Amino acid sequence: MNTSTTFQEIAAEIQLFNNIEQKEQFIFVVGALVSCIISLHKAAEVMEMDTEMFLKILELMAIDFSYPTMEDIDREKNW
């Protein structure tokens, strides 16, 4: 199984965005968010969305995440 092909197939299934690049970026950002690498605010910023809108999308997609700890926040500053 080719990881790049699989990633593109998964991204293609996301109906929320028009092009594959936005879909891939969304998957990457959500992965960073649920891994506590970035905050909700940073994730919304990367996606060029309002934080409340991004949070609503996550809720509608039933994507759970934890709010970052102070250590996570320090790591985010270098991201």
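Let's start at the surface. Glu-52 counts as exposed, because its relative accessibility is 56% and the cut-off is over 50%. Glu-52 belongs to helix H4. His-41 sits eleven residues from Glu-52 in sequence, and the two C-alpha atoms are 9.1 Å apart. Keep in mind throughout that this is a predicted model.

Now the overall layout. The chain has 79 residues, and 30% of them count as buried. There are five helices and zero strands. Read from the N terminus, the order is α-α-α-α-α. The accessible surface is about 5500 Å². Carbon and sulfur atoms make up 53% of that surface. What about contacts across the sequence? Take the contacts in the chain with a separation of 6 or more: 47% of them join residues 24 or more positions apart.

On to the core. In general, nonpolar side chains of soluble globular proteins tend to be buried together. Here, the largest nonpolar core holds 17 residues. Which of them touch the most other members? They are Phe-26, Leu-33, Leu-40, Phe-54 and Leu-58. Three helices each supply at least two residues of this core: H2, residues 20-34, H3, residues 40-46, and H4, residues 51-60. H2 gives the most, with five residues.

Look at Leu-33 in particular. Set aside the neighbours within four places in sequence. Leu-33 is then in contact with Ile-38, Ser-39, Leu-40, Phe-54, Leu-58 and Phe-65.

Next, the packing of H2 against H4. A helix pair is described by the angle between the axes and the distance between them. For H2 and H4, the axes come within 13 Å. They cross at roughly 85°. That angle falls in the range from 65 to 115 degrees, so H2 and H4 are roughly perpendicular to each other. Which residues make the contact? From H2, they are Phe-26, Val-29, Val-30 and Leu-33. From H4, they are Phe-54, Ile-57 and Leu-58. By type, the residues of this contact are seven nonpolar, no polar and no charged.

Now two backbone points. Most residues other than glycine have a negative phi. Two residues here are worth a look on that score. Cys-36 has a phi near 60°, a positive value in a residue other than glycine. Ala-62 has a positive phi too, near 55°, and is likewise not glycine. Where are they? Cys-36 is in the loop between H2 and H3. Ala-62 is in the loop between H4 and H5.

Buried or exposed? Take Cys-36 to begin with. Its relative accessible area is 14%, under the 20% cut-off, so Cys-36 is buried. Ala-62 has 63% relative accessibility, over the 50% cut-off, and therefore counts as exposed.

Asp-72 touches Cys-36 and Ile-37, not counting residues up to four places away in sequence. Asp-72 lies in helix H5, residues 70-77. This aspartate is buried, because its relative accessible area is 9%, under the 20% limit. Ser-39 is 33 residues from Asp-72 in sequence, yet the C-alpha distance is 8.3 Å.

To recap. H2 gives five residues to the core. H2 and H4 cross at roughly 85°. Thanks, and over to your questions.

Notes:
Residues are numbered from 1 along each chain as its sequence is written. This is a predicted model: local features need pLDDT of at least 70, side-chain atom pairs count only at pLDDT 80 or more; totals for chains, interfaces and linings use all residues. Side-chain values use heavy atoms; hydrogens and water are left out. Helices (H or I, at least four residues) and strands (E, at least two) are DSSP runs, numbered from the N terminus. Buried means under 20% relative accessible area, exposed over 50%, partly exposed in between (1.4 Å probe, protein chains only). Contact means heavy atoms within 4.5 Å. Accessible areas come from the Shrake-Rupley method with a 1.4 Å probe; for residues, only the protein chains shown count as cover. A nonpolar core is a set of buried Ala, Val, Leu, Ile, Met, Phe, Trp, Tyr and Cys residues joined through side-chain atoms within 4.5 Å. Axes are lines fitted to C-alpha atoms, for helices over the stretch in contact, and angles run from 0 to 180 degrees between N-to-C directions. Angles under 35 degrees count as roughly parallel, over 145 as roughly antiparallel, 65 to 115 as roughly perpendicular and the rest as oblique. Ala, Val, Leu, Ile, Met, Phe, Trp, Tyr, Cys and Pro count as nonpolar, Asp, Glu, Lys and Arg as charged, and the others, Gly among them, as polar.
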